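Here are my notes on this model. Please read them with the structure open.

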Amino acid sequence: MKDSLSSIACRAEVSETLRVPSAMLKRLLELAPGLPRRKIAKGTAIYRQGELGTQCYVVVSGRIGITMLGAGGQELLIDIVGAGALCGEGAAFDGLPRFSSANALEASEVVSIPAVEFCQLMASDAALAALVAQTIALKQRTLAGRLAQVAQSSPEDRITELLSQISEPEASDIVLTHQQIASLIGASRITVTRAMQRLRRDGAILCHRGRYQLVRTPASHLRPSRMA
């Protein structure tokens, strides 16, 4: 467990759109060290939209893409989550079909836990229950902020806001494709490419071999608050 948790704090690349502290994962593994872990190969689905499932997943390492199918059948990327993130809890808790899919964007590892067992652990440990509630609240706040940006902001503002949410002083390089950025900000890939060119020309971002670095933070800062 120590090695897995160390990897959370020492990320060489920052490319998750939802990044949570390790406290919830750490507490869960302290309470239930025997929980099964799954190693997920790059490109492999953890669960699929429309399926019924009772399992919740907590990411130990790697990056997981959360997607939804649009009305025309196109796959929309709505989030990229990393170590410490909670996935699939909505359908596991309410018993309805999953409203999204989760796929490994790189070799990853997740903890798998049945919703019933998860609820029992939360009922027996107030600290875990509070950390799970904070994690879910952070997901809601992040998605709400993104919806507000899609409705009100220019592509350039949406891109710089997205990058500002992802980047951290200790790991400022961001690795996302233009298509991933387009899905996350609600724009076309062509629009993102043109906006990125303008941002690079204006000196707002730097780009080197697919890695982005935010130079100038957005004037209107909507960064969701992070848990301590």
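Is R37 buried, partly exposed or exposed? The model is predicted, and the points below should be read that way.

1. R37 is partly exposed, with a relative accessible area of 33%. Its salt-bridge partner is E109, at 3.9 Å, N to O. E109 sits in strand β8 and R37 in strand β1, 72 residues apart. E109 is buried, because its relative accessible area of 12% falls under 20%.

2. The whole structure holds 6 salt bridges. One of them joins R27 and D125 at 2.6 Å, N to O. D125 is buried at 10% relative accessible area; R27 is partly exposed at 25%. Shared partners join R27, E30 and D125 into one network.

3. R63 and E106 form another salt bridge, at 3.2 Å, N to O. Both are in loops: R63 between β3 and β4, E106 between β7 and β8. R63 counts as buried at 13% relative accessibility, E106 as partly exposed at 28%.

4. Helix α4 buries A115, F118, L121 and M122. These fall within an arc of 120 degrees seen down the axis, so they line one face of the helix. On the other side, V116, Q120, A123 and S124 are exposed.

5. Helix α5 gives the largest share of the lining, 7 residues. By type, the lining divides into 18 nonpolar, 6 polar and 5 charged residues.

Methods
Residues are numbered from 1 along each chain as its sequence is written. This is a predicted model: local features need pLDDT of at least 70, side-chain atom pairs count only at pLDDT 80 or more; totals for chains, interfaces and linings use all residues. Side-chain values use heavy atoms; hydrogens and water are left out. Helices (H or I, at least four residues) and strands (E, at least two) are DSSP runs, numbered from the N terminus. Ala, Val, Leu, Ile, Met, Phe, Trp, Tyr, Cys and Pro count as nonpolar, Asp, Glu, Lys and Arg as charged, and the others, Gly among them, as polar. Buried means under 20% relative accessible area, exposed over 50%, partly exposed in between (1.4 Å probe, protein chains only). The arc is that of the directions from the helix axis to the C-beta atoms. A salt bridge is a side-chain nitrogen of Lys or Arg within 4 Å of a carboxyl oxygen of Asp or Glu.
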